[in-house]
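Please keep the sequence and the coordinates at hand.

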There are 2 protein chains.
Amino acid sequence: MSKRTALNEEDVCSAIRDRVLEQRLAPGTKLTEESLCSIFGVGRTTVRRAFLLLTRDNIIELEKNKGAVVASPTPEDARQVFEARRVLEQAMLEKATANINGDDIKRLRDHLRDEEEALRQADIARWIRLTGRFHILLAQLSGNALMCKFLEQLVFQTSLIIALYGRTGTAPNCKGGDHERLVDALEDGDTKTAGEILTHHLTTIESQLVFKARSSEQDLHTIFATAND
Amino acid sequence: MSKRTALNEEDVCSAIRDRVLEQRLAPGTKLTEESLCSIFGVGRTTVRRAFLLLTRDNIIELEKNKGAVVASPTPEDARQVFEARRVLEQAMLEKATANINGDDIKRLRDHLRDEEEALRQADIARWIRLTGRFHILLAQLSGNALMCKFLEQLVFQTSLIIALYGRTGTAPNCKGGDHERLVDALEDGDTKTAGEILTHHLTTIESQLVFKARSSEQDLHTIFATAND
DNA sequence: TTTAGCAACATTGTCAACAATTTAATGGCT
DNA sequence: AGCCATTAAATTGTTGACAATGTTGCTAAA
C-alpha cells in the first residue's frame, strides 16, 4: 500500500516546468484545469495556485475567464532573456571562481557525463533538460541562491524561446562541447576564458534564433500590406 | 455613485508592497486573512492569491496552517540581495547609457525634486518610497523589463533588510545626495563615474547594517552561553 | 455558401459552508 | 503564583455548489 502523499502546487509547477524544459509542452498549448486535475490527482484549488505561480515566472499566460496557455515569448522577450542571462551568468561565474573547489569540479564532470550519456542513448528530452540544468548547476556555485532562482526562470524561458524560434526545434541548443570547455577553463582557474566561453555560448545560441512570421493578427496585417503593392 | 471596480490580487499586492517600502509594515507582522479582507473589501480568495504572489517575491512568509507574516530576511539574505543589486544595477546602468535621452534625464530630475520635497515636508514614508523608486526608475532606462522586475523585488527586500538591520530604523538609507550626483554623471555621459557612485552607494548602505542579536531560540542559547564563563 | 443570431455546452471565477489546525483561555493541581 | 491538561475560540485549508463567461454547433435568412 503505497501511501502516496498528496501532491501540492509546487509539484504541479515543477512537473510543468520540466515538460517545458524538455520541450514536450509547446508554447501556446492550452492547459485546462480539469485535465491537470485528473493528471496529477489534485483539486482545482491546487492547479489554480500552480497557475498563479507559473504566471509569475512567465512560463504560462493567464487570461481572465480564458484559462492558461503555455507562454509564447516575443522576440523582444527573447532579447531581454539573453541579455539578462549574459549579465547574470557572467557575474555568477566570477563569484563562483572564488568559492569553487575540487568537489564542485567533480560534480560538474559528473553532470557532463550524464549529458553525454543521454545524448548517446538518444534520450533527447533528458538531454535537453540536462543541458539546461548545467547552467543552473553552475549558478549554484556562486553561493547566491537569489540570483540562482532568477536564473532558473531565465533557463525555463530560454526553452520556450528555442521551441518558438530555434532553427531545428529540438536539438542543437547547447552543443559543440562548450560546456566541457567551460569546465576545463574553470578547473584551470582561468576565469577570464571561462567567462568568454560562457558569453560566446549564449550569444551564439541567440544569434541562431530565427524570428519567422507567426500566424496572428499582427501577421495578417503584414501579409495583406505586402500583398497590396 | 462611484462605481468602484473590485480590487484584485495585484492591487492587494502592491498596497502591501508599498507599505513595506515605506517601512510601515515591519518584518514579522502577522497578516490575517480576515483583516485584509475587510481592509480591501475583497474575498478571502483574493487575499489568498495575493499571499501566494508575495511569498514568491520574498515579501511575506507563508507557513502552512499558520498564515502569513511579513518576511524577516536573514543576514545571509541581506548579503545576497546587495550582491545581486550591485550586479544588476551596474549592468542596467551600462545598458541605460546607450538609450538615454534628454527626456529621461528630465524625468530623473523631476523625481529628485519630489524626493527633496517629501523630505522638506517631513513626509518620511513618502520619501522612503521615493528613494526606492529612484532605483527602479533608473533600471527602467535599461530597456530590460525583465531585469527591472527582478530589481523591484530586490528593492522591496532591501526595505525589509533596512527595517531589520538599519542603524536608525527609518531615516538614512539613500541620503548624502548620491542620487543627485548619479544623475549629474549620467547627464555628462560619464558612465564610469555613474557606475562607481552606484556601487559605492549600495556598498555604503550595506556596510552600515548592524546584525545585532535578535530574540529567538538561537539567541537565547547564545545569551546563556556567554553568561556561563 | 456565407453569415448572424441563438441555444447548448464547457470552462473558469466566486463564494460560503465545513474540516483541520493553531492559538487563547479556563480551571484545577502542586 | 506557576504549570499542565483540557476546552473554547479563532484562523487557516479544502471542498463543492453555483454564477459568470467563453466556446461550439446549429438553424435560418440573405
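Of the atoms of DNA strand C within 4 Å of the protein, what percentage belongs to sugar or phosphate? The share is 68%, and the rest belong to bases. This is a predicted model, in which local features need pLDDT of at least 70, side-chain atom pairs count only at pLDDT 80 or more, and totals for chains, interfaces and linings use all residues. Residues are numbered from 1 along each chain as its sequence is written, chains are lettered from A and ligands numbered from 1 in the order in which they are written, and side-chain values use heavy atoms, with hydrogens and water left out.

A residue is taken as near the strand if one of its heavy atoms lies within 4 Å of it. There are 14 residues around DNA strand C, and those that come nearest are A:Arg44, A:Arg48, A:Asn65, B:Asn65 and B:Lys66.

Several contacts reach phosphate oxygens of DNA strand C. A polar side-chain atom of A:Lys64 lies 3.4 Å from one such oxygen, and a backbone N or O atom of A:Asn65 lies 3.1 Å from a phosphate oxygen. With three residues, α3(B) gives the most. Helices (H or I, at least four residues) and strands (E, at least two) are DSSP runs, numbered from the N terminus.

A:Asn65 also deserves attention for its backbone. Its phi is positive, about 70°, although it is not a glycine, and the residue lies in the loop between β2 and β3 (67-70) of chain A. A:Asn65 is exposed, with a relative accessible area of 76%. A:Asn58, in the loop between α3 and β2 (60-63) of chain A, likewise has a positive phi, near 60°. A:Asn58 is partly exposed, at 31%. Buried means under 20% relative accessible area, exposed over 50%, and partly exposed in between (1.4 Å probe, protein chains only).

Notes: A polar contact is a pair of N or O atoms within 3.5 Å; within protein, one must be able to donate a hydrogen and the other to accept it, and residues adjacent in sequence count only if both atoms are side-chain atoms.
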